[in-house]
Structures are given as structure tokens and as C-alpha cells.
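My notes follow, in the order I looked things up.

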Amino acid sequence: RRTRRQIALARVGAGGFGLAVVASGTRGAWLGVVAAGVVAWPQLRRRVAGHRVLAGAATAAAVALVVVGPVGTRVAAAVDPGEAGGRSRLDEWALAAAVVADRPLTGAGPEGYRIAAPAHIDDGYARRHGRDDVVDRAHSGPLDVAAAAGIPAAAVYVALLATVVAACVRAVRRPSDRLVAGMAAGVVAWAVQQAVSFPLAEVDPAAWLLAGVVAGTGAVAAPGGRARAGRIAAGLAAGVLAAGGVLSVVADRDLERATRTGDVAAADRATALRPDDVDAWYVAAQVAASGPSLLALDAGLDRVEDGLDRLPRDPALQDLHEALLTERALRSGLADDLAAAEVAARDGIAADPAGPAHHRRLGVILAARGDDRGAAAALRRVLDLDPWDAAARTALDGL
């Protein structure tokens with residue numbers, strides 16, 4: 001039987017959980033909580049029946065939050081095509097489906113979606129949602145897996161999720177242990193939100209660990225030798241992950257310092273610690289290129305090119321490389337620099353036809369080379385994709 005202290009702690013925990021879920025503003029999390037509540041309702045109903053006043057107050061508070069609070073605002077935004085998520089999520093899924101259709105069996109590879117997606121973005125998508133951010137997720141777990149590893153892998157992923165959810169539903173409906181039942185309800189919520197979100201390295205490992213606890217409840221223990229081997233393997237894996245985590249934390253602190261103070265040495269330490277991290281190379285190149293001289297631009301170009309040597313075809317690094325080449329050409333006015341910047345801009349347009357930034361850079365470079373007609377055509381294309389691009393409009397008016 002639970003003690004009063006345990007009951008009090010449980011109430012505090014439930015209140016904190018509710019506050020965190022509401023404050024997150026994440027509709028996927030709310031959908032998951034609703035699904036977990038539906039699964040757990042047969043158990044909750046018996047407990048709620050004995051606390052009708054408390055249940056009524058909680059229901060009234062929940063309705064108020066939904067109608068007039070932040071939940072209501074976010075839910076209403078789901079039907080606004082201009083808002084992130086909601087109806088615009090359909091555009092994300094259509095884009096992901098086009099990427100999957102190109103590589104249905106093998107996918108685009110890990111982090112390959114960000115490389116493959118721009119070629120499938122049309123003018124309508126660019127006008128509705130803008131192109132300020134790198135498109136790197138499909139905002140659906142199964143679609144993300146299909147885009148990265150192909151339809152067969154996505155089918156296996158969905159089947160695994162279904163198996164986990166079935167085990168969790170049994171654990172909630174026929175609980176042998178309340179703690180395990182609570183874990184199972186949480187795993188159900190996480191699995192359901194995968195439909196409108198995407199796998200997260202910060203969340204998924206914990207969710208799969210909880211799913212393993214639920215699925216393993218009541219299982220027969222492995223023989224001693226196998227159990228020891230499993231513990232050793234788990235220990236080694238944990239050690240490797242811990243070392244990688246420490247390096248990531250140190251690198252992130254260096255990047256934060258470099259961004260705040262312009263410390264190029266700190267940014268270079270981050271790239272040495274995490275040469276596989278796109279953000280590290282991106283920040284290092286930006287910080288190095290932030291000075292007023294051509295030498296500073298060259299330092300930035302050196303770093304972004306080093307990053308591209310390790311992470312070729314990454315769209316963020318390619319875009320920064322193109323931007324730095326354009327800036328250098330405009331500052332120097334040299335024919336070779338202008339020609340290199342034009343090639344980079346045209347390559348960017350070939351890879352991402354609906355990217356306004358590529359057309360804007362091409363326009364200003366052609367204007368600098370004296371090709372007013374070509375520059376005007378490129379700048380009009382920018383305004384066709386993004387009518388609010390002030391830089392393109394100013395450049396076009398200047399012509």
C-alpha cells in the first residue's frame with residue numbers, strides 16, 4: 001500500500017508533468033498524451049470515480065487551457081496553412097514522399113534528406129513557407145526512416161513500433177506493477193507522437209529503454225554467461241556513448257564562446273573535437289570570415305571548404321560557401337572572383353531551383369559583371385519566390 005509521502009510525490013510529479021506538456025507547445029506531445037489517456041482510461045476511471053470533485057476541477061482547468069490558453073492557440077494554428085505544423089505539415093509530407101519515391105529501396109542515407117529534399121521543393125512551397133531554414137526532417141517518424149533508409153526499413157520500424165505499443169497496452173490494461181504501467185503509458189504517448197514528429201537523439205534512446213523495461217517484465221533471466229556478456233557489451237557501448245557525449249558538450253561550449261566573442265581558436269577546437277559536426281564547421285567559417293578584410297573571408301572559405309571535404313554536399317555548408325564566394329567577389333571586383341561566384345550560384349540553382357538566395361546572389365554578381373539584363377531576370381525570379389526579399393528589390397530598383 002502506498003504511503004502518504006508517495007501519494008504526495010506522485011501528485012507533485014503529475015502536476016509538473018502536466019505543466020511541462022502544456023508549456024512545451026508541442027502538438028505531437030499533446031496527441032501522445034491523449035492516446036496514453038485513452039489506453040489508461042479503464043484503470044483511471046475507477047480511481048477518478050472516488051475523487052469526483054478533484055476530477056471535475058481538473059477537467060474544467062483542462063478545458064480552459066484548450067479554449068483560451070496556449071493549447072487553444074496552438075490547436076487553432078493547425079488549420080492555418082501559413083503556420084508551421086498543422087496544414088503546412090501536409091506540404092512537408094508531400095515533399096518527403098517525393099524524396100522516398102526517388103530512392104524507395106535504399107533511401108538517401110543518414111542525414112541524406114537535407115541533401116535530397118531541395119531538388120523537390122517547388123515554387124509554391126517556397127512562397128508559402130520561405131527558405132530561411134534548412135529542410136532536414138519530414139516531420140513523421142515512418143517517413144523520416146523511409147527517406148533515410150528506404151521503404152523496407154520504414155516497414156520494419158512501423159512493425160516494431162506496433163509490437164511495442166501492443167505490449168505497452170497490455171501492461172497498462174493489466175498492470176502487474178504500477179511503475180511499469182506508467183512507463184508503458186509514456187511509451188504509448190511517445191510512439192503515437194512519432195506520426196507527426198521525427199526521431200530525436202535526445203528522446204528516443206530513453207523511450208526505447210523504457211520500452212525494453214516494459215517488454216522484459218516477467219521475462220525469464222538469461223543464463224549467467226549470456227547475462228555477463230550482455231552487461232559487458234552494454235558497458236562498452238555506454239562508455240563509447242559517454243565519451244562522445246563529453247566531446248559534444250565541450251565542442252558546444254567552444255562554439256557558444258566563439259559565437260559570443262568571435263574567438264576563432266575556440267571554433268577551431270570545436271571542429272577538431274567534432275569533425276563530423278556540420279554546426280562546428282559552419283560556425284567556425286562564419287566567425288573566421290566576420291572580419292572586414294579579404295583575408296578574413298579567405299579564412300572563412302578555408303574552413304568551410306575543410307568542412308565540405310568531410311561532409312560533401314551538405315546544403316548548409318554549400319550555401320555558406322556560395323555566400324562567402326559572392327561576398328569576396330563583390331569586395332574585390334576581380335574577374336576571377338566574379339566568375340567563381342557565378343559558377344557557385346548557378347550550381348546552387350541547379351541543386352535547389354526554388355531557393356531565392358541562389359538567384360539573388362546570381363543577380364548581384366551579374367550586375368557587378370555588367371550584365372544588367374541577366375541580373376534583372378535573376379532578381380525578378382527572387383521576388384517571384386519571395387516577394388518580401390528587400391535586398392533583391394533594392395538591387396532590382398538599382399538597375
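Predicted model: local features only at pLDDT ≥ 70, side-chain atom pairs only at ≥ 80, totals over all residues.

I started with Arg361, which I found in helix α18. Buried or exposed, I wondered about Arg361? Arg361 comes out buried, because its relative accessible area is 12% and the cut-off for buried is under 20%. Then I listed what Arg361 touches, skipping residues up to four places away in sequence: Asp319, Glu322, Ala323, Thr326 and Ala345.

**The second largest pocket**

Next I looked up the second largest pocket, and I got a volume of about 820 Å³. It has 36 lining residues, and the ones closest to the centre are Arg131, Pro315, Asp319, Asp352 and His358.

**Overall tally**

I stepped back for the whole-protein numbers. I count 20 helices and 0 strands. The protein has 399 residues, of which 36% count as buried. For contacts with a separation of 6 or more, I get 60% from residues 24 or more positions apart.

The largest nonpolar core holds 38 residues, and Leu95, Tyr113, Val135 and Cys168 have the most contacts inside it. At least two residues each come from α2 (27-49), α5 (88-102), α6, α7, α8 (141-149), α9 (151-173), α10 (178-193) and α11 (204-216). I see the largest share coming from α10, with 8 residues.

What is Leu95 in contact with, once neighbours within four places in sequence are left aside? My list reads Tyr113, Ala117, His120, Ile121, Tyr125 and Val135. Tyr113 and Val135 are also on the list of residues with the most contacts inside the core.

I noted a second, separate core too: it has 18 residues, including Leu297, Leu301, Val304 and Ala329.

**Aromatic pair**

How many aromatic pairs are there? I get 1. The partners are Trp190 and Trp208, edge-to-face, at 5.0 Å centre to centre with 75° between the planes. Trp190 sits in helix α10 and Trp208 in helix α11, so this pair ties together parts that are 18 residues apart in sequence.

I checked accessibility for both partners. Trp190 is buried, at a relative accessible area of 6%, whereas Trp208 is partly exposed, at 28%.

**Ile151**

My last stop was Ile151, in helix α9. I have Ile151 down as partly exposed, with a relative accessible area of 46%. With residues up to four places away in sequence not counted, Ile151 touches Val100, Pro104 and Ala146. I also looked at Ile151 against Gly107: the two are 44 residues apart in sequence, yet their C-alpha atoms are 7.6 Å apart in space.

Key:
Residues numbered from 1 in each chain as written. Heavy atoms only, no water. 1 Å grid on protein atoms, 1.4 Å probe; cavity = no way out; pocket = protein on both sides within 12 Å on 5 of 7 lines; lining within 4 Å. Points joined across faces, edges and corners; volume = space filled by probe spheres on them. Core = buried A, V, L, I, M, F, W, Y, C linked by side-chain atoms within 4.5 Å. Buried < 20%, exposed > 50% of the residue type's maximum accessible area, 1.4 Å probe, protein only. Helix = DSSP H or I, 4+ residues; strand = E, 2+ residues; numbered from the N terminus. Contact = heavy atoms within 4.5 Å. Phe/Tyr/Trp six-rings, centres within 6.5 Å; stacked < 30°, edge-to-face > 60°.
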